[in-house]
Amino acid sequence: CKVCGVCISVCYSLGALFGLLLNYIGCIFWYIIPNCFCVWRWPCCHTYWKLEDIEDDMQTGDVLLFAGTMSTRIGAQSHWSHAGMVFRDDEGLEGPQGSLYVFEANFDRPGWDHCDLRLLREKLQTYKKGATDIAW
């Protein structure tokens, strides 16, 4: 019947609109507002460790997440902009034996479009001048 088809179309459209509104509300309250108020810096919302306290536990293959800029956090709806992988040089292939490195891809700046293997300590100190979140 023609009326049933119209009813189904209207119900489907209202359901899609309701889903879209829920998505927008979720985006605003779970991503945009917390990022605008820097919630990740509030003392109740984080725990930080010094590298010296955790570097003995880091192993090859561990994943590190690096926080992005404010525009990246809001646009991507994520606190994290990119990931890197830990490489523990137990055999001394790249430098002193036991050194920790991070392997990551960098494709955001002119002249820096490549994959890179850097000392982990250097990366943590120089990435955004050492003033950002990095998760392990």
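Accessible areas here come from the Shrake-Rupley method with a 1.4 Å probe, and for residues only the protein chains shown count as cover. This is a predicted model, where local features need pLDDT of at least 70, side-chain atom pairs count only at pLDDT 80 or more, and totals for chains, interfaces and linings use all residues. Residues are numbered from 1 along each chain as its sequence is written, and side-chain values use heavy atoms, with hydrogens and water left out.

**View 1. The whole protein chain and its surface.** The protein chain exposes about 9,600 Å², with carbon and sulfur atoms supplying 64% of that area. Of its 136 residues, 22% are buried (under 20% relative accessible area; exposed is over 50%, partly exposed in between, using a 1.4 Å probe and protein chains only).

**View 2. Cys7 and Cys11.** Cys7 is partly exposed, at 43% relative accessibility. Cys11 is in no disulfide, as its nearest cysteine sulfur, that of Cys7, is 6.4 Å away, while a disulfide needs a pair of cysteine sulfur atoms within 2.5 Å. Cys11 itself is exposed, at 54%.

**View 3. Glu104 and its neighbours.** Glu104 sits in strand 3, residues 99–106, and is buried at 1% relative accessibility. Not counting residues up to four places away in sequence, Glu104 touches several others, including Phe66, His82 and Asp116 (contact means heavy atoms within 4.5 Å).

Methods: Helix = DSSP H or I, 4+ residues; strand = E, 2+ residues; numbered from the N terminus.
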